[in-house]
There are 2 protein chains.
Amino acid sequence: MKEFFRVVDLEEARALAGRFPVVATERVPLAGALGRVLAGDLVAAADLPGFRRATVDGFAVHAASTFGASDSAPAMLCVVGSVEMGVCAGIEVAPGQAARIPTGGMVPPGADAVVMVEHAEEIDPTTIEITRAVAPGQHVIEPSEDGRRGERLLEQGTRLRPQEVGLLAALGVREVEVRARPVVAVLSTGDEVVPVEATPGPGEVRDVNSHTLSALVARAGGIPRPLGIVRDEFGALLLACRAALAGADVVLLSGGSSVGARDLTTEVLAALPDGRVLLHGIAMKPGKPTILADVGGKAFFGLPGHVVSAMVVFHALVRPCIDRIAGRRPGPATRIPARLSRNVASAHGVREFLRVRLEERDDGLFAVPVPGKSGLLRTMVEADGLVEIARDVEGLDAGAEVQVELL
Amino acid sequence: MKEFFRVVDLEEARALAGRFPVVATERVPLAGALGRVLAGDLVAAADLPGFRRATVDGFAVHAASTFGASDSAPAMLCVVGSVEMGVCAGIEVAPGQAARIPTGGMVPPGADAVVMVEHAEEIDPTTIEITRAVAPGQHVIEPSEDGRRGERLLEQGTRLRPQEVGLLAALGVREVEVRARPVVAVLSTGDEVVPVEATPGPGEVRDVNSHTLSALVARAGGIPRPLGIVRDEFGALLLACRAALAGADVVLLSGGSSVGARDLTTEVLAALPDGRVLLHGIAMKPGKPTILADVGGKAFFGLPGHVVSAMVVFHALVRPCIDRIAGRRPGPATRIPARLSRNVASAHGVREFLRVRLEERDDGLFAVPVPGKSGLLRTMVEADGLVEIARDVEGLDAGAEVQVELL
């Protein structure tokens, strides 16, 4: 059965690629949690920091005892002791009294603020003059100010940065439940493709796509499974695709840019009992000859053979799909606004992706289109990012505000 | 000997932290090259792609044979054969002739352009009508267009992205000479600090800094060596610092925010025969109580005990230092311009770092200051980035253009 040939907009492609199920969860030690996606909400099991803590070196006091204090009219306080680090403050501070305290020390009962050491002068070992008033709560962290027991501190789907790892440490979490890293099988096809270690004969090229796509997968938080090169032949391709699907959450098959190769991919997908082609071509440039199929709930991408096109489709479509099945919540916008350095033409009805360098000039940040033919890998190497030009725009003028997605 | 107490500007601190020697090189397989820093220039050992290649499906032709062709006046060409993928094109194309060619195929001798299949109509098996002219070189990549033998394609110090990995693959590089990842020892001090697995007693807190700093090191491309918690005691600290220095390129000692702890760190540094304190305090907020020393050519950072301050100093000072000793060339600006959502006060004479969330509003991207005391970890968790406020600015108005460095 020949599949329906369906060319769609990039928006529709993104919606179709966003419907695959989220991967399972696993537990990892805290030291391996960086960059992972939290499987459930994180609820504080105890108050943080758990006690009233000084944030400066100085004297723990009743704030009220300092009110009105100044250089000309200092408040005189009686020093009743010193707080040691890491132990319960065994002193009580009454109005008119003060206790020496180091940064991070436990504010003793009775005190509700800390006067910085710079604003206190020692008259004798038991008397100080305070030259600046403090407000209640000043220079202290309250017992539950960094997190209240039972409070939700992190939402499921959060990608853990160093500060989230720190928060887990503060709560005593030694193992954390995260989403598994999606496994992404990477296959190259093409009778002209030879392994990196081979010397290409006439008409042959090395397998650039496997290496580039595997690196993109790793950077997107997935586990790349490079499966090598398959010949452009129905039986071999069917076998390789079955094996790839058996061991992965996502399959990236690249190389079928020619009509013949694309037809072969479609035939293979039709031969898989639970395969369904969702789209066959995207109105984008580069990247048009892209196939997306659902094979038993797994995402199967047929990517263009040109490495540049395959990379652009990865950025525009595959990475959001990996984020989605990794259970990741969308983060903040991370594209960089810049102004276009020159006029750029664009085909109407097609979303174009422009490769640009970022250039800091006297009058701001500019996106400078990288010269060279679209199929050249060097254009990606010379580029800092991609600019997406909307479908119904016929071009952009020099100076136009654009958003640069870093490559 | 008591060390000289030296508070410096952040610029001077950065200059001092930028003088440590670059680490040695090592060879890694291509599959492990992502994110690594290239040790030498990459020079093309051969032309890329090595032969004239079609970038579309169509017909290889003499461009001149199509000049003037249009729908109403098509050019008639004689089809002399088909190019197979991955083999030497065994045909010659003379003027007036054409050869079928798939995307990626080798353009046969004689031909200098490819006509897209959409612009050719087959009259009979050996005759086509071309309805659109092509220019010489159109829809082909020339033999050395992606890289000429002997050309420098990548500069030393380049941090390898997926496209650079792809370029290495294209050139047949199976192992690449890169800079070693800097080893960064991470030590926590403080008698109040207990390991993550312990339940803190009164006045105690878990070791947040080791985990946060190790994660920051890993993200910066270094190898973190967490060495645990040392007591605030001269002998123990000296021993721990000696051990840390012996096995690392950089040492991060955090926890000494109180005057007593900082004095102890300075004493330990003075006791190391080849130790020299470069700065003792930075005019920044948070992050003032920072120490930087050169110990036998290795960078030794004494970071504030507050995790937030330690993180800010890491972003402002430690990461650039790691980049430098990793041999990395500075990349393009990756800070995100946004407008400040409200007025912000700032102390004159001190560089302040503001934690902000990014918020996309109808009238653009806004940086919204995160509320809460400076010492709270939750302010870092709620923040998307940092805004650096210049030293001599007393505050910024709502709507001011700021640069957000993502956290």
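Arg14(B) counts as partly exposed, with 16 other C-beta atoms within 10 Å; the scale here is buried at 20 or more other C-beta atoms within 10 Å of the residue's own, exposed at 12 or fewer, and partly exposed in between, with C-beta atoms placed from the backbone. This is a predicted model, in which local features need pLDDT of at least 70 and side-chain atom pairs count only at pLDDT 80 or more, while totals for chains, interfaces and linings use all residues. Residues are numbered from 1 along each chain as its sequence is written, with chains lettered from A and ligands numbered from 1 in the order in which they are written.

Arg14(B) sits in helix α1 (residues 10–17) of chain B; helices (H or I, at least four residues) and strands (E, at least two) are DSSP runs, numbered from the N terminus. Setting aside neighbours within four places in sequence, Arg14(B) is in contact with Leu317(B) and Pro320(B), where contact requires C-beta atoms, placed from the backbone, to lie within 7 Å. Cys321(B) is 307 residues away from Arg14(B) in sequence, yet their C-alpha atoms are 7.7 Å apart.

Now for Ala310(B), which belongs to helix α6 (residues 307–325) of chain B. Ala310(B) is buried, having 27 C-beta neighbours inside 10 Å. Beyond four places in sequence, its contacts are Asn209(B), Leu213(B), Ser254(B), Leu303(B) and Pro304(B). Asp41(B), 269 residues from Ala310(B) along the chain, lies 36 Å off, C-alpha to C-alpha.

## Helix α3 of chain B

Two of those contacts of Ala310(B), Asn209(B) and Leu213(B), are among the buried residues of α3(B). Of the 12 residues in α3(B), 10 are buried, so the helix is largely enclosed by the rest of the structure. The buried set includes Val208(B), His211(B), Leu216(B) and Val217(B).

The length of helix α3 (residues 208–219) of chain B checks out too: at 1.5 Å a residue its 12 residues should span 16 Å, and the end C-alpha atoms are 17 Å apart, which agrees. That expected span is 1.5 Å times one less than the number of residues. Just after α3(B), Gly221(B) takes a positive phi of about 95°.

## The β5 sheets

In chain B, 6 strands make an open, mixed sheet in the order β7-β4-β6-β5-β9-β8; two strands pair if DSSP finds at least two bridges between them. The edges are β7 (113–116) and β8 (120–124) of chain B, each pairing on one side only. On average, neighbouring strands are turned by 40° against each other, direction ignored; axes are lines fitted to C-alpha atoms, for helices over the stretch in contact, and angles run from 0 to 180 degrees between N-to-C directions. Inside the sheet, β5 (residues 75–82) and β9 (residues 127–130) of chain B run antiparallel over 4 bridges, with Met76(B) partnered by Glu129(B).

Over in chain A, β5 (residues 75–82) is joined to β9 (residues 127–130) by 4 bridges, antiparallel, and Leu77(A) stands opposite Ile128(A). β5(A) also runs parallel to β6 (residues 97–101) of chain A, again over 4 bridges; there, Cys78(A) faces Gln97(A).

## A second sheet in chain A

Another open sheet of 6 strands, also mixed, has the order β16-β13-β17-β21-β20-β18 in chain A. β16 (223–230) and β18 (275–280) of chain A are at the edges with a single partner strand each, so one side of each has no neighbour in the sheet. Neighbouring strands are turned by 20° on average, direction ignored.

β13 (residues 183–189) of chain A pairs with β16(A) in the parallel sense over 6 bridges, and Val186(A) has Pro226(A) as its bridge partner. Helix α4 (residues 234–246) of chain A packs on this sheet, touching β13, β16, β17 (250–254), β20 (291–295) and β21 (298–303) of chain A, and its direction makes about 170° with that of β16(A).

## How the two chains meet

The contact takes 75 residues from chain A and 76 from chain B. On the chain A side, α2(A) gives the most, with 8 residues. That side divides into 39 nonpolar, 19 polar and 17 charged residues (Ala, Val, Leu, Ile, Met, Phe, Trp, Tyr, Cys and Pro count as nonpolar, Asp, Glu, Lys and Arg as charged, and the others, Gly among them, as polar).

Chain A can be laid on chain B with an RMSD of 0.1 Å by a turn of 180° and a shift of 0.0 Å along the axis, and the copies are thus related as by a two-fold rotation axis. The superposition is by least squares on the C-alpha atoms of residues with pLDDT of at least 70 in both. Ile336(A) comes closest to that axis of the residues of chain A, at 2.7 Å (C-alpha). And 100% of the interface residues of chain A are also interface residues in chain B, so the copies meet through the same surface.

Notes
Two residues are in contact if their C-beta atoms, placed from the backbone, lie within 7 Å.
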